[in-house]
Amino acid sequence: MTTVESPPETPAKAGRWTAQWKELYAEVITTGLCTGCAGCVVTCPHDVIGYEHEEGKYIPFHLEEELGLDNCVHGFGEGGGCTTCTRACPRFQAWEPSADMHLFGRVREPDEMAGIWRQLYLTRASDDMVHKMGQDGGLVSAMLIWLREHDYIDAALVSGVEDDDAWKAKPAVVSTKEEILATAGSRYTYCANPLALPEAKEKGYERLALVGMGCQTSSPPTMWDRKAGKVSKPFLFNIGLLCSKTFDDAIFTELFEAKYGLKKQDMVKMNIKGVFQIWMKDGSYHEIDLKECHGWTRKGCTHCPDFAAEHADVSTGGIGEDNDWTLTIVRTELGEEVIERMIADGSIIARPAQTDETAMRLLRLLSIVSRRRWPQDADPAPAIGVPPPKKKAAAPAPA
């Protein structure tokens with residue numbers, strides 16, 4: 001008899017939210033659930049949560065060391081009342097149902113492995129320059145430019161690069177077409193884009209788009225549902241990037257250069273299409289087996305269940321048959337409004353995603369693979385409906 005899991009009931013109205021840093025440290029940071037999204041860092045009203053944006057780290061920590069790693073004088077443990085960090089965390093307690101309820105008014109069904117969505121497209125920028133400079137179809141760049149020109153946002157929080165290293169990612173704020181195109185493309189090393197929020201505030205930007213992986217784009221709707229206050233108000237549009245994992249920066253020197261002689265300063269573009277693809281300045285093209293890259297997988301990715309950036313307004317990634325098109329998952333009413341207007345005015349070209357069987361198959365498969373990472377002792381919602389791995393056929397007995 002097959003047991004069919006039922007989706008959880010609509011979460012009951014919560015009482016007073018009392019969870020604070022001590023609980024976050026115990027449930028998320030020390031257990032490996034923390035993805036390093038930095039949501040707790042940028043929303044902390046007391047500026048007591050630190051973060052080191054460098055390889056091997058990407059984990060928040062408490063700055064008041066004299067109190068111990070898990071204590072916070074602003075929390076209930078010392079007579080305070082701050083709960084912002086736990087409200088902002090997209091891995092604390094029942095985060096998936098919280099974000100689902102805020103965005104969609106319901107939790108996902110067991111068979112919705114890639115989350116809840118309204119439309120599926122394959123898209124590409126119609127502007128040749130945007131298409132060429134962007135990743136795959138250039139949708140993210142085209143969308144940010146469009147959002148800015150049509151007064152939906154003032155600026156966007158994205159992944160930029162260091163001035164002296166074109167592949168060293170850093171959080172950045174962009175507000176012009178030139179700035180948006182300068183940060184286009186994928187790097188596959190981690191960048192906590194929300195860390196650019198203080199810079200955006202300093203520049204007076206009040207309406208922001210956030211571009212990030214699922215771990216980052218789940219934070220604003222989780223905050224909204226948990227009533228985190230004004231810290232969540234600047235995030236008006238969420239663009240999610242499909243993501244199986246990211247790598248430590250050490251992969252450039254320890255694998256690409258040490259084994260294959262590919263120096264990062266000579267790279268012009270990279271992509272992942274079943275293999276790690278690298279294009280060099282000399283015109284050469286190289287493929288590296290993804291199995292060779294596993295050793296540099298960032299620790300924060302090993303338990304992440306969200307391949308499809310399920311809580312963005314629009315989720316996007318290049319997993320189809322063609323590098324010139326972007327799989328586009330339209331999730332919210334606002335996302336649908338923007339995409340339909342961009343199609344109508346010719347800013348992007350679109351066709352049904354169902355025309356690419358590879359993209360549809362990979363969307364479900366990679367979403368399932370990611371959900372299987374979620375620990376059994378954590379909140380059960382992300383694992384509901386996930387089918388068990390197929391058993392490998394037994395090898396034939398020797399003659």
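Colleague: Where is the place of Ser-175?

Modeller: Ser-175 sits in the loop between strand 5 (165-174) and helix 7 (177-182). Helices (H or I, at least four residues) and strands (E, at least two) are DSSP runs, numbered from the N terminus. Keep in mind that this is a predicted model, where local features need pLDDT of at least 70 and side-chain atom pairs count only at pLDDT 80 or more, while totals for chains, interfaces and linings use all residues. Residues are numbered from 1 along each chain as its sequence is written, and side-chain values use heavy atoms, with hydrogens and water left out.

Colleague: Why is Ser-175 called buried?

Modeller: Its relative accessible area is 12%. Buried means under 20%, exposed over 50%, partly exposed in between (1.4 Å probe, protein chains only), so Ser-175 counts as buried.

Colleague: What makes the link between the side chains of Ser-175 and Tyr-205 a polar contact?

Modeller: The two side chains are joined at 3.2 Å. A polar contact is a pair of N or O atoms within 3.5 Å; within protein, one must be able to donate a hydrogen and the other to accept it, and residues adjacent in sequence count only if both atoms are side-chain atoms.

Colleague: Which residues does Ser-175 touch, not counting residues up to four places away in sequence?

Modeller: Arg-148, Asp-154, Ala-155 and Tyr-205. Contact here means heavy atoms within 4.5 Å.

Colleague: And which residues does Val-28 touch, with that sequence limit?

Modeller: Leaving out residues up to four places away, Val-28 touches Glu-23, Leu-33, Cys-34, Cys-89, Arg-91 and Phe-92.
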